Amino acid sequence: MEIDELEDRRYRAMETGDLGELDALFGPELVYIHSSAVLDSKEEYMTSLRSGEIRYERFERSNVRVEIFGESTAALSGQIKIWLDIHGIRKELNNLFTALWVRKANGVWHFVSWQSTPIPKA
């Protein structure tokens, strides 16, 4: 499925710091809501990646559901574990997420929204 491949490319680019690939995958209208409730535009998010403020190490996704609406919208949800460095502090997150992709008139899919919520520890 095309969306699965795009998601794999996005996560791989986040792990390797491939900002060119991320810039191509992210739509200009990207709204990225972190599990800390910080909301970033595409430019704000790319700036934090470019500066090294956020560095991703690894992702593990599970229980991912993909719902396609019409021919132009894909919504994904599931659980994600994220190993990352934020402001020099190493963190491990265990979250639920929702991601949204939209196919533009030219047929190209763009990643346009992310929101994640921490799973409370038992």
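The paragraphs below lead through the sheet, the helices packed on it, its aromatic pairs and a few single residues.

This is a predicted model, in which local features need pLDDT of at least 70 and side-chain atom pairs count only at pLDDT 80 or more, while totals for chains, interfaces and linings use all residues. Residues are numbered from 1 along each chain as its sequence is written, and side-chain values use heavy atoms, with hydrogens and water left out.

Helices (H or I, at least four residues) and strands (E, at least two) are DSSP runs numbered from the N terminus, and two strands pair if DSSP finds at least two bridges between them. Strands of a sheet pair through backbone hydrogen bonds, either parallel or antiparallel. Here six strands make up an open sheet with mixed pairing, in the order E2-E1-E6-E5-E4-E3. The edges are taken by strand E2 (39-41) and strand E3 (54-69), each of which has a single partner strand, so one side of each is left without a neighbour in the sheet. On average, neighbouring strands of this sheet are turned by 20° against each other, direction ignored; angles are taken between axes, which are lines fitted to C-alpha atoms, for helices over the stretch in contact, and they run from 0 to 180 degrees between N-to-C directions.

Helix H1 (residues 2-16) lies across E1, E3, strand E4 (73-86), E5 and strand E6 (109-118), and runs at about 170° to E3.

A pair of aromatic rings is described by the distance of the centres and the angle of the planes. Rings of Phe, Tyr and Trp (its six-membered ring) pair if their centres lie within 6.5 Å, and planes under 30 degrees apart count as stacked, over 60 as edge-to-face and the rest as tilted. A search of the whole structure finds eight such pairs. One of them is the tilted pair of Phe26 and Phe111, with 5.7 Å centre to centre and 40° between the planes. Phe26 belongs to strand E1 and Phe111 to strand E6, so this pair ties together parts that are 85 residues apart in sequence. Both Phe26 and Phe111 are buried, a word that means under 20% relative accessible area, with exposed meaning over 50% and partly exposed in between (1.4 Å probe, protein chains only). Phe97 and Trp114 form a stacked pair, at 5.0 Å centre to centre and 10° between the planes. Because Phe97 lies in strand E5 and Trp114 in strand E6, the pair ties together parts that are 17 residues apart in sequence. Phe97 counts as buried at 3% relative accessibility, as does Trp114 at 2%. Ring pairs link Phe26, Tyr32, Tyr45, Phe97, Trp101, Phe111 and Trp114 into a cluster.

Val112, in strand E6, is buried with a relative accessible area of 8%. Contact means heavy atoms within 4.5 Å; not counting residues up to four places away in sequence, Val112 touches Gly27, Glu29, Leu30, Val31, Leu100 and Val102. Asn95 lies in strand E5 (residues 89-103) and is buried, with a relative accessible area of 1%. Its side chain is joined to that of Ser116 by a polar contact of 3.4 Å, the term meaning a pair of N or O atoms within 3.5 Å, where within protein one must be able to donate a hydrogen and the other to accept it, and residues adjacent in sequence count only if both atoms are side-chain atoms. Gly107, by contrast, lies in the loop between E5 and E6 and is partly exposed, with a relative accessible area of 31%. Gly107 and Ser72 are 35 residues apart in sequence, and their C-alpha atoms are 8.5 Å apart in space.
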